[in-house]
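Biologist: Thanks for sitting down with me over this one. Could we go through the model together, one question at a time?

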Amino acid sequence: MTDSLLADAGQRLERALKYATISEDAVESLKYPQMSLTVSIPVRMDDGSLKVFQGYRVRYDDTRGPGKGGVRYHPHVTLDEVQSLAFWMTFKCAALNLPFGGAKGGITVNPKELSRMELERLSRGYIDAIADFIGPDVDILAPDVYTNAMVMGWMMDQYSIIKRQFSPAVVTGKPVTMGGSLGRESATAMGAFYVIEAMMPKFDRAPQETTVAIQGFGNAGGILADLLFHAGYRVVAVSDSQGGIYSPQGLDIPSVRQFKESSRRIQAMYCDDTVCHTTADLVLTNAELLELDVDILVPAALENQITEANANKIQARFIYEVANGPITSAADQVLNQKGIYVFPDILVNAGGVTVSYFEWVQNRSGLYWTIDEIHQRLRQRMVDEAEQIWAIAQHLGIDLRTAGYVHALSRLGDAISAKGTRDYYVNHKCASE
Ligand code: NAD
């Protein structure tokens, strides 16, 4: 792995460029983020003291539309991480043909150490600091790791206060009562589920004979576990930041989720008829979960979980990347050599940004859709784009990640060229000359 996450992300771009027809000018402009903002956010703590937090907002590219990307609260957030996440958003929006560029934000903070009021003051302070650089036609925020609908509601409210007008379209993933879309909470998991359901029949895989391990049991991983469980897949292992649980017979996911919601911990649960038992001894580490002999592995926590150090030990046949950037580019090569199918993050986890797009459209039109309309539109887009990426991979004989980037690059390249690059000026002299 390279030292910089952004440089590592750039290696994916380099690889895809070999197969994409795109101008040199477009390539050059895609190598760097357009805008990287670092802000200091002073927050009055509950004990009366003042604490200053570092926040970031990066707009990577807005050729195809306003920037779009989540805001992450995590102690390890750095500018480099936010830049690489903004890079991925650029390619994700292009891969899904959403009329957005890529952006991302974050605050270096452990939200678990803050009270509810401190968290609200921090979120509003972040918007105070970046308000001039965001907007419904400029850059639109959304939830990411350790941020949720409540945080998005505070952010939208603060932006509306600053602008002195109700501005729901500046933030997506809001509470439904504040203009949020139905289905946003489960959109990432739902989108990943539609991709899995569309792709597994290509390998003659029935859900009942497919085992699944999921790293990360939050918004994305937890809901996906539930969807797969109810579709008949055998979810044998799940984990959170504390570690994981494993049962070769399959876990009873609804009860694991119920326990997690009430206790903030995950615990193995088995239900026969109406009686549920908990077992504490079937624990495993996050590293062990990644190396389990399962059909499908779903990294749904943080980036850089599969690296050169453990890629050789991965036994799953299919990896669906729900987290952003869970596999380094060096590890990619090892997995490809092992013949593992890696369905890339820019496709698999794009359900969230797709329903965010639906929310933005609904906010701007004032017409709100039913949950069935949302699911139907989401399914159609996820399956269409997954099939196109699959077809590119088959046609060019390349891995699915590179195919995803080739797919996105063709749209980005066309948009950048249409705006006017050197090719345009060389080939189209001004009428007055
Ligand atoms: P979340 O905060 O709801 O859940 C994160 C989960 O990961 C939690 O269960 C947490 O305990 C676990 N976790 C944290 N550190 C871990 C570690 N070191 N090892 C194992 N597990 C760990 O976040 P989320 O919204 O579910 O996002 C998860 C991933 O999915 C992130 O990479 C995020 O960028 C990506 N993603 C989320 C969305 C979305 O709409 N929620 C959309 C696209 C991508």
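Biologist: Let me begin with a single side chain: does Q83 count as buried or exposed?

Modeller: First a word on the source: this is a predicted model, where local features need pLDDT of at least 70 and side-chain atom pairs count only at pLDDT 80 or more, while totals for chains, interfaces and linings use all residues. Residues are numbered from 1 along each chain as its sequence is written, and side-chain values use heavy atoms, leaving out hydrogens and water. Q83 sits in helix α3 (residues 79-95), where helices (H or I, at least four residues) and strands (E, at least two) are DSSP runs numbered from the N terminus. Buried means under 20% relative accessible area, exposed over 50% and partly exposed in between (1.4 Å probe, protein chains only), so at 14% Q83 counts as buried.

Biologist: Which residues is Q83 in contact with, leaving aside its neighbours within four places in sequence?

Modeller: Contact here means heavy atoms within 4.5 Å. With those sequence neighbours set aside, the partners of Q83 are L6, P33, S36, V58 and Y60.

Biologist: What is the bridge partner of G69 in β5?

Modeller: β5 is mostly covered, with four of its five residues buried. Strand β3 (residues 67-74) pairs with β5 in the parallel sense over five bridges. In β5, the partner of G69 is L141.

Biologist: And in which sense do β2 and β4 pair?

Modeller: Strand β2 (residues 50-61) and strand β4 (residues 102-108) are joined over six bridges. R57, for instance, has G105 in β4 as its bridge partner. The sense of the β2-β4 pairing is antiparallel.

Biologist: Why is one side of β11 and of β14 left without a neighbour in the sheet?

Modeller: These strands belong to an open sheet of seven with mixed pairing, in the order β11-β8-β7-β6-β12-β13-β14. β11 (283-284) and β14 (341-343) stand at its edges, so one side of each lacks a neighbour, because each has a single partner strand.

Biologist: What distance separates the C-alpha atoms of V145 and N219?

Modeller: V145 is placed in the loop between β5 and α5 (149-163), and at 19% relative accessibility it counts as buried. Beyond four places in sequence, its contacts are V71, R72, Y73, H74, A301 and L302. V145 and N219 are 74 residues apart along the chain, and their C-alpha atoms are separated by 8.7 Å.

Biologist: Now the helix pairs. How are α7 and α8 oriented to each other?

Modeller: Helix α7 (residues 219-230) and helix α8 (residues 253-263) pack with their axes 9 Å apart, at an angle of about 155°. Axes are lines fitted to C-alpha atoms, for helices over the stretch in contact, and angles run from 0 to 180 degrees between N-to-C directions. Angles under 35 degrees count as roughly parallel, over 145 as roughly antiparallel, 65 to 115 as roughly perpendicular and the rest as oblique. α7 and α8 are therefore roughly antiparallel.

Biologist: Last one: is D384 buried, partly exposed or exposed?

Modeller: D384 has its place in helix α13 (residues 371-396). At 39% relative accessibility, D384 counts as partly exposed.

Definitions and conventions. Two strands pair if DSSP finds at least two bridges between them.
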